[in-house]
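Dear colleague,

I am handing over the structure below for you to look at, and my notes on its cavities and pockets follow it.

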Amino acid sequence: MQPCAELIVHNIGRLATCAGGVKRGRQMMDAGMVTGGAVAAAGGKILAAGSEGEVRRAVNTDGRTKFIDARGGLVTPGLVDCHTHLLYAGSREKELAWKLAGRSYLEILAAGGGILSTVRETRRAGDEVILSETGKRLDRALAHGTTTAEVKSGYGLSVDEELRALRLIRRLGDARPVSLVPTFLGAHAVPEEYKDEPDRYVDLVCLEMIPRVAGENLARFNDVFCEEGVFTGEQSRRVLKTGLAHGLKPKIHADELAGGGGAELAAELGAVSADHLLHASPGGIRALAASGTVAVLLPGTAYYLAAGKYAPARDFIDAGVPVAVASDANPGSCPTESLQAVFNPACLYLRLRPAEVLNAMTVNAAAALGLADQLGSLEAGKSADLVIWDAPNLDYLGYHFGVNLVRSVIKEGKQVV
């Protein structure tokens, strides 16, 4: 007996299913395009996606079925933002002038700005302030097509503050339609009170923070900022191995500002993702390909830092590394909640084709969160997360920038925008 659809999105001009699993190499160009498509869903899951005729034959309807007319527009999976720092208080617009005066990212950090500035603001803020400010950011992300987002801690940098951040992420995820995936990032920076004793701070992360985070089941992943002037390779290895021992899967901020062997470390430890990677070595790229680690590229950050260098996306694709693209939404180096806004820079500066960008923001981004079997593509059994765009085709998303092209967002079969 055919299932009864609770929702049917029909009259789709171009449907990008992104079906077929995690994409590598030439597969990145296959967005699973269907002309004249439809999607049927029930119970928050996709029943069928494909040509309208196929979908209509695959399901039944009744008087309770909701029909949404896509009016000939483009429909894609909901966007998956697999690297964000959305939970914080305050803002850092004053740093724009410092950047324009020539100060580097690490110079601003060393002067007590950057991450440490946000740490001070976040520690001072009450729970309701943080929930309110972060909630607004999540609402903007949703309005621009993001239906799932990873959110990192990392602006507390003490046991109590890091635990508070992760608990607040859980509360936000329970209260909003965007699915949130929590990542522990206690090793985001060395806090001011440990600035002359970084190894003692690593002790705190490993001996107190990680066991508490794991004990309360507050995070899925454990991340570290492996970079000269932040955490060394050996410190990063210790943090990630401690997380593994407590059941937290590794992620790593790697090779962003200089080549430091972060990609190699990610591959060695079987990290789910290695992120940034502007300065990844050829050996590091080969190691990621062999390990299956997802390379999460963040062109919005490279654009905002105006360093004139972007991650070598084509090298990753040619090597067979699964590539994802995320926003890196944060108050200092990429102050935007719109993953959609990153689509155009990903085309222009990473030299990715629109189909490659879409796969990188959907099914491969889901893989960077260990969720590719549950969401990120429009296939039967997966979460019914999709975006209806005010766009005639996929190329239009890479072409028309600076405005919100979302017409409607559906999360788990419910229209939420």
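**Cavities and pockets**

The residues lining the largest cavity divide into four nonpolar, six polar and three charged, where Ala, Val, Leu, Ile, Met, Phe, Trp, Tyr, Cys and Pro count as nonpolar, Asp, Glu, Lys and Arg as charged, and the others, Gly among them, as polar. Please note that this is a predicted model, in which local features need pLDDT of at least 70 and side-chain atom pairs count only at pLDDT 80 or more, whereas totals for chains, interfaces and linings use all residues. Residues are numbered from 1 along each chain as its sequence is written, and side-chain values use heavy atoms, with hydrogens and water left out.

On a 1 Å grid over the protein atoms alone, a cavity is a set of points where a 1.4 Å probe fits but cannot get out, a pocket is an open set with protein on both sides within 12 Å along at least five of seven lines, and lining residues have an atom within 4 Å of a point. Grid points are joined across faces, edges and corners, and a volume is the space filled by probe spheres set on the points.

The whole structure holds five cavities of 30 Å³ or more. The largest cavity, of about 100 Å³, has 13 lining residues, with His85, Tyr105, His188, Asn330 and Ser333 nearest its centre. The second largest cavity has a volume of about 50 Å³, and its lining comprises four nonpolar, two polar and two charged residues.

The largest pocket contains about 400 Å³ of space, and of its 21 lining residues Tyr105, Leu257, Leu305, Ala306 and Ala307 are the closest to its centre. By class, that lining has 13 nonpolar, four polar and four charged residues.

Best regards
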